[in-house]
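Please look over the model below with the points that follow in hand.

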Amino acid sequence: MSEHVEIYTDGACKGNPGVGGWGAWLKYNGNEKSIFGGEENTTNNRMEMMAVIRALEALKRPSEIKLYTDSSYVQKGMMEWMEGWKAKGWRTASKKPVKNSDLWKQLDALAKLHQVEWIWVKGHAGNVGNELADQLANAGVAQVLDDQVI
């Protein structure tokens, strides 16, 4: 894997559940790509995950990735909880179904195609990549809200 990619992701939700958006900013070899989208009835955690899923789907080949997220849910899910969930048949330690297992399974499959370093960053703390991903996620919310008016 010789491709080195930096990805910043974020999710947003107006109400939880409510109208949500996701955004990702990808940097590779001097190039940048911004992507975003949204959903009408979702949660913040689902939007955080969708940002990562859509970013990984945007890659054309296996890559070495530094993925920055302000979501400890995503970072810990991938680094700490995933293996236990799979071993328990997608159940938590308290034997309840894992929330968002549909997205966790998708994320797990996509992450296996790459070498991903999962890096948590403090949100709204001046990190340029995180701030841009936040703006993109909010653009996703705005897009859904604009579509609802028409």
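The notes below cover helix packing, strand residues, aromatic rings, backbone features and a pocket.

1. Ground rules. This is a predicted model: local features need pLDDT of at least 70, side-chain atom pairs count only at pLDDT 80 or more, and totals for chains, interfaces and linings use all residues. Residues are numbered from 1 along each chain as its sequence is written, and side-chain values use heavy atoms, with hydrogens and water left out.

2. Helix α3. Start with α3, residues 101–111. Helices (H or I, at least four residues) and strands (E, at least two) are DSSP runs, numbered from the N terminus. The buried residues of α3 are L103, W104, L107, D108, L110 and A111. Buried means under 20% relative accessible area, exposed means over 50%, and partly exposed lies in between (1.4 Å probe, protein chains only). Viewed down the axis of α3, these buried residues fall within an arc of 165 degrees, so they line one face of the helix. The arc is taken from the directions from the helix axis to the C-beta atoms. The cover over them includes α1 (44–57), α2 (72–87) and β5 (115–120).

3. W118. This residue sits in strand β5. W118 is buried, at 9% relative accessible area. Its contacts (heavy atoms within 4.5 Å) are V52, L67, V74, Q75, M78, M79, L107 and A111, not counting residues up to four places away in sequence. The C-alpha atoms of W118 and I65 are 8.4 Å apart, although 53 residues separate them along the chain.

4. W120. Strand β5 also holds W120. Leaving aside neighbours within four places in sequence, W120 touches T69, D70, S71, S72 and Q75.

5. T9. Look next at strand β1, which holds T9. T9 is buried, with a relative accessible area of 0%. Beyond its neighbours within four places in sequence, T9 is in contact with G23, A24, A51, V52, A55, L67, Y68, T69, D70, N130 and A133.

6. A139. This residue belongs to helix α4. A139 counts as partly exposed, at 27% relative accessibility. A139 and G21 lie 118 residues apart in sequence, yet their C-alpha atoms are 7.1 Å apart.

7. Aromatic rings. The whole structure has 7 aromatic pairs. Rings of Phe, Tyr and Trp (its six-membered ring) pair if their centres lie within 6.5 Å; planes under 30 degrees apart count as stacked, over 60 as edge-to-face and the rest as tilted. W85 and W90 have ring centres 6.4 Å apart and planes at 35 degrees, so the pair is tilted. Both W85 and W90 are buried. Ring pairs join Y73, W81, W85, W90 and W104 into a cluster.

8. Backbone features. Check the peptide bond between N16 and P17: it is cis, with omega about 15 degrees. P17 is in the loop between β1 and β2. N29 has a positive phi, near 50 degrees, and is not a glycine. N29 lies in the loop between β2 and β3 and is exposed, at 63% relative accessibility. H124 is another non-glycine residue with positive phi, near 55 degrees. H124 lies in the loop between β5 and α4 (128–149) and is exposed, with a relative accessible area of 58%.

9. The largest pocket. Its volume is about 260 Å³. Of its 13 lining residues, the closest to its centre are L26, Y28, A58, L59 and K60. A pocket, on a 1 Å grid over the protein atoms alone, is an open set of points where a 1.4 Å probe fits, with protein on both sides within 12 Å along at least five of seven lines; lining residues have an atom within 4 Å of a point. Grid points are joined across faces, edges and corners, and a volume is the space filled by probe spheres set on the points. β1 (3–15), β2 (18–28) and β3 (31–42) each supply at least two lining residues. By class, the lining has 5 nonpolar, 2 polar and 6 charged residues. Ala, Val, Leu, Ile, Met, Phe, Trp, Tyr, Cys and Pro count as nonpolar, Asp, Glu, Lys and Arg as charged, and the others, Gly among them, as polar.
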